[in-house]
Amino acid sequence: MSATTTSFYRVGKDISDSVADTSLPVEEIWADRKFKAKLVNPSNRRKLTVIIVGTGLAGGAAAASLGEAGYNVENFCYQDSPRRAHSIAAQGGINAAKNYRNDNDSVHRLFYDTVKGGDYRSRETNVHRLAEVSANIIDQCVAQGVPFARDYGGLLDTRSFGGVQVQRTFYARGQTGQQLLIGAYQALERQVEAGTVNMHTRHEMLELIVVGGRARGIVTRDMVSGAIKSWIGDAVVLATGGYGNVFFLSTNAMGCNNTANMRAHRKGAYFGNPCYTQIHPTCIPVHGDTQSKLTLMSESLRNDGRIWVPKDPADATKDPRQIPEEDRDYYLERIYPSFGNLVPRDIASRQAKYRCDEGLGVGPAVAEIDPDGTERQVRRGVYLDFTDAIARMGKAAVASKYGNLFDMYAQITGENPYETPMRIYPAVHYTMGGLWVDYDLSSNIPGLYVVGEANFSDHGANRLGASALMQGLGDGYFVLPNTINDYLADALSFPKVDASSPEVVEAEQGVQQRISDLLAVQGTRTVDSFHKELGSIMWEYCGMERTQAGLIEAIGKIRALRQQFWSDVKVTGVNEDFNQTLERAGRVVDFFDLGELMCIDALHRRESCGGHFRAESQTPDGEALRDDENFLYVGAWEFGGDGQTPILHKEPLIYKAIELKQRSYK
Amino acid sequence: MSENLMSLTLRIWRQPNAATAGKISEYKLAGVSSDMSFLEMLDMLNEELTVKGEEPVAFDYDCREGICGMCGIVINGVPHGRGNSAVATTTCQLHMRNFKDGDVITIEPWRATPFPIIKDLVVDRRAFDKIIASGGYISVNTGAAPEAHANAVSKLKADRAFDAATCVGCGACVAACPNHSGMLFVAAKITHLAMLPQGQPERPLRIKTMIGTHDELGFAGCQNAGECAAVCPKEIPLDTIAQLNRDLIASLFNRAGKSTAAE
Amino acid sequence: MVTTLTPHQRAFRSTVALKALMALTGLILIAFLLMHCFGNLKLLISAEEFNHYAHWLKGEGDAGGMLEPLIPHGWFIWIFRVFMLAAAVLHILAAVVLWRRAYNATPSNYEARKKLAQTYAARTQRLGGVILGALLLWHLLQFTVIPAQMAGQAGEPSSYVIFAFGQWYYVLCYAVFMGLVCLHVRHGFWSAFTTLGVNTSKRAEKVLNVLAYLIAALLFIGFMAMPLAVLGGIVS
């Protein structure tokens, strides 16, 4: 590794998960862990308080389940209702090893597919447990009244998803996430009524309170009144989702942010694999500079649609129907004749980027800043054409299969996809990285647990389709409630903490200081303008394709931008008010730090794996080349202090139940 | 693709907080692209206001893909701007191509006593959570579920349950209702759970507690005017309210919930 | 507000229960209107038929009154009046309570307001109901309480009617009155069945709507036939 690279970080000691007993066969580890975990007497549970941040599939499920178990739960979300968490937007489905189709599915196959899908960068023991609890999730959701798709016999329907060959994905039309979340939300509200869960909506966590090395509470800002308040508990659970919004444009909800995780990271929690992001190839392209978010369309569209760009850049503005067949480049079919348009997400995404970089993109031209600082207009879109499918299957058949997606596309773009080809472009969708956790989902700070997308554990370098919902609910319903007790069993003997404890006072003052610092700048630029600029740096240098030179440049740009932010940002209003500008400003501050950490992680990981392509690590024919010899580990980053380099701790990945393989799609 | 730019006059309800009276303020906004969503248009206004040092307009938003239910603005007298859209929509999915250059657009918050205004266009909809908390669920603790195939559900009923379950809880029904009734919201949940075998044991008690809470929170009665279903972004049908009525009347002849208030 | 009521008690006091009461009483009133309308048409046969019917209703005729001898002579009309009065009073009371709740749920009006679904009938249901109440009082005064003082010959109901509807302006007023009744019935009929839980599909909604228009039209034609016949001199 070159000196220029290593000057950005330090290497610390290797770490490992000390909880799972890996001397056992992988299928016995979870049962063993459940048996060995210490229990909390039901009468003691009501004396213990668990703070849960987030109300999505993981947080909502955990809050409901821990409430049912009898703990006092303080649950927080930044939205006006727990039902709005972004899990709600998941479209596709949820995997479960039920084998209802009699098609060779099993816990082991789901486990295998998930590890392979993650390109062998996830922890074997965690993934196996996920596959084990998957069937329970479906039972639980059905019992809650989740209206999964059913066949005429009244039994649950399943489909195959994300390129796997078994039909194990349960779904509720294109709104699976919504239905699962509402199931969890209802269970949660039941506990609110029962008095075990106190719900705090429109509250944002701005700091973690660590006392005596243990996570003991959080500091929140009431987003209506601006009140800063500390909450003390016996354990803290972060279920705060992913950080795709570091790119500004992503398929995440506008409010999704990584402040809670970054605050915990600054207090000592390791951040695992921050550079692992998933980029989804079939999103609706950017229409202009005022674009606020991107919308995903199910990638099932690639089953029947053909992707192409014009061969001649001059045809970019032509009506695509007027471009003759011989002037079109069906590039995926050309480069990958055996898989064609169904190549994996990362390949489809990267090839689209290449075409647009070459100036062959279509749709509206959007301003971009080149690495050399010049602004240029680039068309970021490729055609997804259903003309052949409509000719082959008929318009009615296409409509019955994809009607809702076509309607959604028409509503957003104003174009009729039955007549003119759709335009698509990749967008950031999911982040596999997150706070490092052990088998118990505990971070390296005792008492701080991290569940769902917010942790790093189950998806490796790339997430298999329909497994995000599975992980969120698995963590929330079945894993955390069976592991956190091991920690809470001793909590009654922890020293008492209250609002006057110095660590609490200091945490609160830190939050207040940061807010007044933000309000004091009174510069000229809006918060969003900084966020957009950060996003375009991240997208350009830490997106689908990464290079050493680019990442180093990106780190420099982020540092400069952060400086400019603190001297020129304009935050209107006051703290003691409903102040959305202030909320966003605080989040962007943490996105700067996260973005830099992501670039450093990407810089150090000199291999192409999962969703990302590292230009320095490719096969002779330009395909991704994984480097198991040097990078078969989790990169867990320790905060090194402001202005200091972060410290890398490696958790070597040991595969006992699965053999490592290199993938090929040609 | 056929982007065109327009200049608009925005009449926006500005209200600093619940305790202070609000009023309409007028803003001119130029260079609005027809490809923008309505909320992106408001973002643009807010960027301009911020640079000028004025307080930006507060409005709720989150997923911006029509599913989270967070956004909700009354546009030209109709929740979610349904009056300007050919299809059912949330505010975030309403696009500016539905407007034309020179338009005057009136932008207001939901107005209903159970949804007090927090600031500008932002209202407090926690009343909906309270309704769900009072009974909008099936009582099954984690781990206590039987095997998923233990109950078959007829596809027709499963589909009807699904149609009702798509409610996003945005509150447009309440905002549009001449009486400010929350009946469509309650009816969606009642219908969702009433169609499923798992929902049967609690069915009579559920409707009693949910309607009781609905009334107690200050939502009024339904007049069958149909405005709610007309603006519903998920097109929850009006007939769910008939289902609710039927269940409530039937529940009056059932003993559930007779003994204690806290049953 | 902390409630000490049981869920069951709250359900009984709920807007839905109130609406069910309103629906039931409304349907009773519609049934009465249909009967009333049918009775009126007797005048088209002859004044004698009409008078005979009117006397029979009140139990004043030779053939005895309705339900005689099951109930004593002359009692039926009073039982019937009390029953109808109760229906009307409950209907109005429920309306007032529901209106108050709606009023309380409305903090302020929209600066701009546009309706998408509401029919004219639905929008005017409340105000229409109030006007109807007033007109009904006048109608009862004229034809039931003090008919003889108004005009016509005491004890001969046909004469009050023929006198009144001999005037064109009177028929016009009556037409407006009936128009309001039918508007109220149009929305009320479908709304009542929805409230009673019948309207649980798109199809049911359609059938109920068509039925509501039919009943309203039937009532209007039925009630207007006789006055027009009187005005046109067909009946005298």
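1. Chain C and chain B bury about 4400 Å² between them, with 56% of that on carbon and sulfur atoms. Buried area here is the accessible area (1.4 Å probe) that two parts lose on being put together, summed over both. P7(C), H8(C) and Y110(C) supply 15% of the area that chain C buries against chain B, more than any other three residues.

2. On conventions: this is a predicted model, in which local features need pLDDT of at least 70 and side-chain atom pairs count only at pLDDT 80 or more, while totals for chains, interfaces and linings use all residues. Residues are numbered from 1 along each chain, chains are lettered from A in the order written, and side-chain values use heavy atoms, without hydrogens and water.

3. Back to the interface. In contact terms (heavy atoms within 4.5 Å), 50 residues of chain C meet 63 residues of chain B.

4. The rule finds 2 salt bridges between chain C and chain B. A salt bridge needs a side-chain nitrogen of Lys or Arg within 4 Å of a carboxyl oxygen of Asp or Glu. E216(B) and R10(C) form a salt bridge through their side chains, at 3.1 Å, N to O.

5. The side of chain C that touches chain B has 19 nonpolar, 20 polar and 11 charged residues. Ala, Val, Leu, Ile, Met, Phe, Trp, Tyr, Cys and Pro count as nonpolar, Asp, Glu, Lys and Arg as charged, and the others, Gly among them, as polar.

6. Now chain A. S608(A) counts as buried because its relative accessibility is 1%; buried means under 20% relative accessible area (1.4 Å probe, protein chains only). Beyond its neighbours within four places in sequence, S608(A) has contacts including F613(A), A624(A) and R626(A).

Methods: Buried < 20%, exposed > 50% of the residue type's maximum accessible area, 1.4 Å probe, protein only.
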